[in-house]
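This report covers one predicted model. Read it alongside the sequence and coordinates shown here.

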Amino acid sequence: MSILECKDLCKNYGRVPALDQVSFTVEPGRIVGLLGPNGSGKTTLIKLANGLLTPSSGEILVCGMAPGKESHACVSYLPERTAIPTWMSARQLLDFYEDFYADFRRDAAEEMLAHLNIQAGQRIKQMSKGTREKVQLIMVMSRAAKLYLLDEPIGGVDPATRDYILSTIIGNYNPEAAVVISTHLISDVEKVLDEVIFINQGRMVLQSSVDQIREEKGMSVDELFREVFRC
Amino acid sequence: MLRKLMKHEFRATGRIMLPLYLILIVTSFGANLTTRGLLSTEYRILDVLGVLLVMAFAIAIVAVCVMSMVVMVQRFYKNLLQDEGYVMMTLPVSVHQQIWSKLIVSAVWFAATVLMIILACCIVAFNVEFVDEFFHFIGDIFRGIMREDAYFIANGTAFAVEGIVLCFLGSCAMCLQFYAALAVGHSSANHKMVWSVGMFFLFQFVIQFLGSMLVILADGTGLDVFLTNFLPQFNGVAAMHAVLIFCIVLTVIYGAIFYAVTTFFLKKRLNLE
Amino acid sequence: MKWLFSNDAPIYTQLIQQIKVGIVSGAFPPGERLPSVRDLATEAGVNPNTMQRALMELERDGLVYTQRTAGRFVTEDKNMIEQAKRSLAERHLKTFLTAMLRLGFQREEIIDLLRQESGEEGMTHVDSGV
């Protein structure tokens with residue numbers, strides 16, 4: 001069974017189409033890059049998969065289910081902004097995730113926090129922006145979910161953190177789970193991806209494996225992206 | 001899951017409400033000193049102190065009332081419709097559970113606020129005489145129920161209970177009106193808060209309009225004539241009960257409508273920034 | 001081991017080359033157990049499926065072998081490693097020669113240059129890439 005499936009998915013904001021007839025599937029064990037320029041519909045697509053938006057037409061299925069209470073249990077979502085409650089301490093946040101997600105691995109989260117020297121007693125509010133993002137990522141990656149939806153996980157972080165995030169994604173690899181990474185920083189993630197989906201102005205331009213692109217076109221995904229989306 | 005949501009909701013709100021209650025109780029002890037005769041001494045400085053203590057108490061009461069309202073609105077708005085919404089609205093819980101957890105916790109704080117204010121007032125007024133009177137009063141009620149004026153006392157108690165139920169349900173319904181206004185307002189693409197405030201006043205206007213229509217209709221239909229002519233036992237007391245119960249039913253309906261509006265907009269029209 | 005990637009070739013073929021270099025240079029000694037796919041992938045910063053694919057290719061060539069329970073090992077066959085070394089060397093030479101010929105050097109001149117260079121300070125740095 002596909003982990004994520006879109007069939008003729010459309011989403012309009014008022015009369016403006018944000019997604020237009022998007023169809024694709026993501027299989028277990030795949031790390032997929034959702035690539036497109038700013039405003040191409042990446043975030044809209046991820047929000048739809050999380051049930052934060054309702055499709056205008058078409059269908060989106062997560063683990064075979066329409067987004068909702070049940071699908072949320074198998075999706076681990078990293079929003080593009082810091083959304084964890086800032087009044088909590090890191091420890092309270094661990095309690096929070098442990099309470100709501102049966103697949104939350106508290107020991108893994110604690111280990112990662114310790115590795116980054118983040119005090120469990122410190123309030124999120126008192127942390128720097130970068131640290132908050134790291135804490136949020138740790139919460140997301142500490143779940144044994146079926147689908148990880150990571151919206152711009154490496155945008156706006158320093159290169160060392162970027163490496164840490166990418167190696168966390170690789171280290172967390174599970175052949176039964178799929179990872180979707182939306183980004184426009186392609187050269188950084190390219191090596192981590194199995195497949196890429198190009199999306200532009202709400203339409204799907206291409207779905208292909210990274211090595212296939214390199215083999216057939218003799219160029220990296222980053223170079224192909226620059227060619228396809230040349231202004 | 002509802003219990004877990006409520007647990008975290010209490011954690012989030014308790015850190016604001018509990019210190020406020022503590023301040024209220026502390027100021028009530030201060031005000032108690034005033035009632036014990038700070039004002040009747042010869043020293044001016046004690047006079048001033050007495051007035052200040054009473055003022056602090058009054059401010060604490062206002063603050064507790066205002067904050068329980070603000071916390072109710074702000075939790076819904078910040079936790080579900082702002083950035084935190086990305087975490088909250090993707091939890092494996094239903095929208096119904098989200099709303100109920102917020103509503104129940106708010107209602108508990110409202111009730112707690114009322115009780116704390118009563119307690120604080122008791123502390124202010126505390127002296128031997130007052131306690132004596134209070135227990136006499138309770139005793140009178142029980143003695144009254146035993147005697148033949150039980151009819152009035154029982155009815156009085158029933159009115160009080162109906163009144164309290166109405167107030168409680170009314171505040172829940174008011175919560176839901178705030179929730180509905182926020183949920184509808186935040187489904188728009190921009191100026192979300194302006195829309196929310198606008199929606200609140202629109203709802204308020206519609207309710208008042210319907211309410212006055214109801215009064216006009218009830219007056220014109222001869223319902224009162226029917227009731228007094230054909231139900232011989234239908235006296236003033238019964239009418240009061242009927243009105244109160246009718247109000248309770250109306251409040252439940254009005255709350256239910258806003259509940260439905262809130263769930264619909266959170267489920268189908270959610271539009272987080 | 002340092003992992004470097006270029007843009008023009010598939011990542012799995014570059015992984016194969018670099019693991020070969022690792023084996024030939026002794027970073028992965030003969031008969032030694034290789035790290036797990038996940039660890040290798042994390043170290044190289046690549047997709048675990050891609051790393052898996054590269055290792056499967058190496059296995060097909062016989063440079064590594066799998067023991068059902070214990071994991072993947074570098075071959076103990078010295079000849080095979082020697083052969084891999086030669087083929088890597090040939091590839092380097094080929095690219096080197098192509099570049100020199102393009103600069104206008106004749107074969108004899110190149111050999112002379114090489115002699116001078118190695119006579120002065122020995123062969124210095126050899127790039128591990130393709």
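## Domains of chain B

Chain B is assigned domain 1 (1–126) and domain 2 (148–273); such bounds come from an automatic or database domain assignment. The model is predicted: local features need pLDDT of at least 70, side-chain atom pairs count only at pLDDT 80 or more, and totals for chains, interfaces and linings use all residues. Residues are numbered from 1 along each chain as its sequence is written, while chains are lettered from A and ligands numbered from 1 in the order in which they are written.

The centres of domain 1 and domain 2 of chain B, taken over C-alpha atoms, lie 25 Å apart. Each of these domains of chain B gives 16 residues to the contact (two residues are in contact if their C-beta atoms, placed from the backbone, lie within 7 Å). On the side of domain 1 of chain B that touches domain 2 of chain B, helix 2 (44–81), helix 3 (85–88) and helix 4 (95–124) of chain B give two or more residues. Ala, Val, Leu, Ile, Met, Phe, Trp, Tyr, Cys and Pro count as nonpolar, Asp, Glu, Lys and Arg as charged, and the others, Gly among them, as polar.

## Overall form of chain B

Chain B has nine helices and zero strands. Helices (H or I, at least four residues) and strands (E, at least two) are DSSP runs, numbered from the N terminus. The radius of gyration of chain B, taken over C-alpha atoms, is 24 Å, well over the 19 Å that the globule rule gives for 273 residues, so chain B is more spread out than a compact globule. That rule is 2.2 Å times the number of residues to the power 0.38. The C-alpha atoms of chain B fill a box of roughly 65 × 60 × 35 Å along the principal axes.

## Sheet of chain A

In chain A, six strands form an open, mixed sheet in the order 5-6-7-3-8-9. Strands pair if DSSP finds at least two bridges between them. Strand 5 (75–78) and strand 9 (203–209) of chain A are the edges. Strand 3 (residues 31–35) and strand 8 (residues 195–200) of chain A run parallel, joined by four bridges. Val32(A) stands opposite Glu195(A) in strand 8 of chain A.

## Chain C against chain A

This contact takes 16 residues from chain C and 19 residues from chain A. The chain C side divides into eight nonpolar, six polar and two charged residues.
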